Amino acid sequence: MKSSVKAFSPALLALSLLAAPALNSCVTAKKYDDLSARQKADAEGKAAAERQYRGATAELQKATDELAQLRLTQKRLVNDSAETGSAYRKTRSLYNELNNSYDKLLKNSDRELANKSSDYNKVAKDLARREAELGELETNLQKSKADNDRLAADLKTREARLTELTKALADKDKAVDDLKARVSKALLSFNSSDLQVKLKDGKVYVSLSEQLLFKSGSTKVDPKGQEALKKLATVLQEQKDVNVVVEGHTDNVPILRGTAGLTDNWDLSALRATEIARLLTTAGVSPERVTASGRSQYVPVAANDTPQNKAMNRRTEIILTPKLDELFQILGSNSAAPAAAPAAGK
């Protein structure tokens with residue numbers, strides 16, 4: 001009964017003493033003593049409850065201050081904590097309202113106290129339930145803090161990996177830029193209409209026109225084209241971490257019937273790519289780095305509607321790609337990282 005009883009204020013006690021003569025006619029000395037003793041016990045119970053409440057409030061404030069320092073990236077968990085704080089404030093408000101209701105009950109006469117005994121019991125049960133809710137909210141706050149700490153540690157690990165990946169990407173981009181510069185310098189003597197070097201999707205594209213490499217319908221490279229391929233091979237020998245893909249392309253004009261060894265543009269593009277791959281490896285490029293493929297007429301750079309556009313489509317593209325082993329290792333490490341712990345339930 002002690003935890004549920006609230007104290008009379010000093011003013012009320014004084015008022016009761018002043019009113020004692022008036023009550024002599026209806027309240028005996030023993031009843032008055034009993035009431036005074038009960039008031040004293042109520043005062044002690046209320047003081048203990050207030051100390052417990054202040055302690056719980058201080059602990060909750062401390063936990064709330066710690067949660068406020070967490071990083072913005074932990075927004076969902078912070079929102080959970082905010083909801084918990086809101087629930088706590090609502091509970092505390094109800095707690096105060098119940099205290100006020102209880103004080104009003106104590107101001108009534110014995111008859112009113114008897115009539116309100118059921119209300120008092122309900123209030124006492126409500127207080128006990130709210131105190132239990134406060135304890136549960138405090139537990140949830142502690143769980144949220146632990147989850148935030150785990151998330152902060154995981155974010156730190158991921159930031160370190162992101163820094164490592166950013167550096168690897170920058171190194172790769174620099175390697176591609178350096179490769180383009182070397183290739184452009186080696187092939188500077190060739191006409192820009194016959195040979196172009198450009199960057200695309202993190203790769204270096206060396207586009208060689210049919211006019212530079214082949215006679216019409218032929219799969220054998222002309223001497224001038226062989227000279228360009230030898231110069232390119234010299235650069236590639238120094239760049240051992242670069243893979244080479246040779247793609248043959250044609251326009252949409254069908255192969256003439258009776259052309260030896262050729263059925264259609266697939267054959268023509270594939271044989272031309274194979275011939276160029278063979279010349280590069282003969283000039284010193286490791287064969288395991290070279291891939292030859294024929295794309296026929298299906299990857300045009302212009303509409304096949306004019307002789308000039310068709311000439312642009314009759315080309316061979318040598319695609320140079322730096323090996324990305326380091327990037328793949330970092331990405332693999334990231335994918336193997338443990339997922340962040342789920343937030344505590346509300």
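How many salt bridges does the count come to in this structure? The model is a predicted one, and the count comes to 18 salt bridges. Side chains of opposite charge can pair when their charged atoms come close.

| Salt bridge | N to O distance |
|---|---|
| Aspartate 178 and lysine 174 | 3.0 Å |
| Glutamate 238 and arginine 182 | 3.3 Å |
| Arginine 278 and glutamate 275 | 3.0 Å |

Start with helix H6, which covers residues 117-186. Aspartate 178 and lysine 174 sit four residues apart in this helix, so about one helical turn separates them. Aspartate 178 is partly exposed, at 34% relative accessibility, while lysine 174 is exposed, with a relative accessible area of 51%.

Glutamate 238 and arginine 182 meet through their side chains in a salt bridge. Because glutamate 238 belongs to helix H8 (residues 223-238) and arginine 182 to helix H6, this pair ties together parts that are 56 residues apart in sequence. Glutamate 238 counts as exposed at 53% relative accessibility, and arginine 182 is partly exposed at 40%.

Now move on to helix H9, residues 265-282. Here arginine 278 and glutamate 275 are three residues apart, about one turn of the helix. Arginine 278 is partly exposed, with a relative accessible area of 44%, whereas glutamate 275 is buried, with a relative accessible area of 11%.

Salt bridges can also link up into a group: Asp126, Arg129, Arg130 and Glu133 form a network of them.

Technical notes: Residues are numbered from 1 along each chain as its sequence is written. This is a predicted model: local features need pLDDT of at least 70, side-chain atom pairs count only at pLDDT 80 or more; totals for chains, interfaces and linings use all residues. Side-chain values use heavy atoms; hydrogens and water are left out. A salt bridge is a side-chain nitrogen of Lys or Arg within 4 Å of a carboxyl oxygen of Asp or Glu. Helices (H or I, at least four residues) and strands (E, at least two) are DSSP runs, numbered from the N terminus. Buried means under 20% relative accessible area, exposed over 50%, partly exposed in between (1.4 Å probe, protein chains only).
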